[in-house]
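The sequence and structure come next.

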Amino acid sequence: QELSKVRAIHGASHPRTAGVLNSIALVYDDKSDERAGEIYETALATMLQAYGSNHVDVAIIRYNLGAFYFATSHYARSKYQFEHAAAVFESFPGPDHPDTAEAK
């Protein structure tokens, strides 16, 4: 329901919509539902289009997608997402921030 409202107000390619999609994917991911991956990917594509690759919101979704890939034994994909998330976290909150350490 929230997704429908946000899409109606902002459109499908807005960062707010991507944020809601990320939240929905987290719920699916918690239930070990494979649909989480596709939803994370859609959210990531939207955030990348809006902000580019060096934005903390992009890194957060990359981290979540990396965790999903790791849990589903897609280790190369997971590593790619984690490495990109870690690079952003190192430049934004810094190398000593807990999010940076967790993404490594």
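Y40, F68 and Y69 form one aromatic cluster. The rings of Phe, Tyr and Trp (its six-membered ring) are paired when their centres lie within 6.5 Å; planes under 30 degrees apart are called stacked, over 60 edge-to-face, and the rest tilted. This is a predicted model, in which local features need pLDDT of at least 70 and side-chain atom pairs count only at pLDDT 80 or more, while totals for chains, interfaces and linings use all residues. Residues are numbered from 1 along each chain as its sequence is written, and side-chain values use heavy atoms, with hydrogens and water left out.

**Aromatic pairs**

There are four aromatic pairs in the structure. One of them joins Y63 and F82, whose ring centres are 5.3 Å apart with planes at 45°, so the pair is tilted. Y63 belongs to helix α4 and F82 to helix α5 (residues 75-91), so this pair ties together parts that are 19 residues apart in sequence. The rings of F68 and Y69 also pair: their centres are 6.0 Å apart and their planes at 55°, so this pair is tilted.

Relative accessibility sets the burial classes: buried is under 20% relative accessible area, exposed over 50%, and partly exposed in between (1.4 Å probe, protein chains only). Values for several residues follow.

| Residue | Relative accessibility | Class |
|---|---|---|
| F68 | 6% | buried |
| Y69 | 7% | buried |
| F82 | 18% | buried |
| S73 | 47% | partly exposed |
| S32 | 64% | exposed |

**Nonpolar cores**

A nonpolar core is a set of buried Ala, Val, Leu, Ile, Met, Phe, Trp, Tyr and Cys residues joined through side-chain atoms within 4.5 Å. The largest such core has 17 residues, of which Y40, L65 and F68 touch the most other members. Two or more residues each come from α1 (2-10), α2, α3 and α4, and α3 gives the largest share, six residues. Leaving out residues up to four places away in sequence, F68 touches D29, D33, E34, A36, G37 and Y40; contact here means heavy atoms within 4.5 Å. A second, separate core of seven residues includes V56, Y63, A85 and V88.

**Helix α4**

Helices are DSSP runs (H or I, at least four residues), numbered from the N terminus. Helix α4 spans residues 56-71, 16 residues in total, and reaches 23 Å from its first C-alpha to its last. That is close to the 22 Å expected at 1.5 Å a residue, where the expected span is 1.5 Å times one less than the number of residues. Its buried residues include V56, V58, A59, I61, L65 and G66.

R62 lies in α4 and, apart from neighbours within four places in sequence, is in contact with L44, L48, Y80, Q81, H84 and A85.

**Loop serines**

Most residues other than glycine have a negative phi. S73, in the loop between α4 and α5, has a positive phi of about 65° although it is not a glycine. S32, in the loop between α2 (15-30) and α3 (35-51), also has a positive phi, about 55°.
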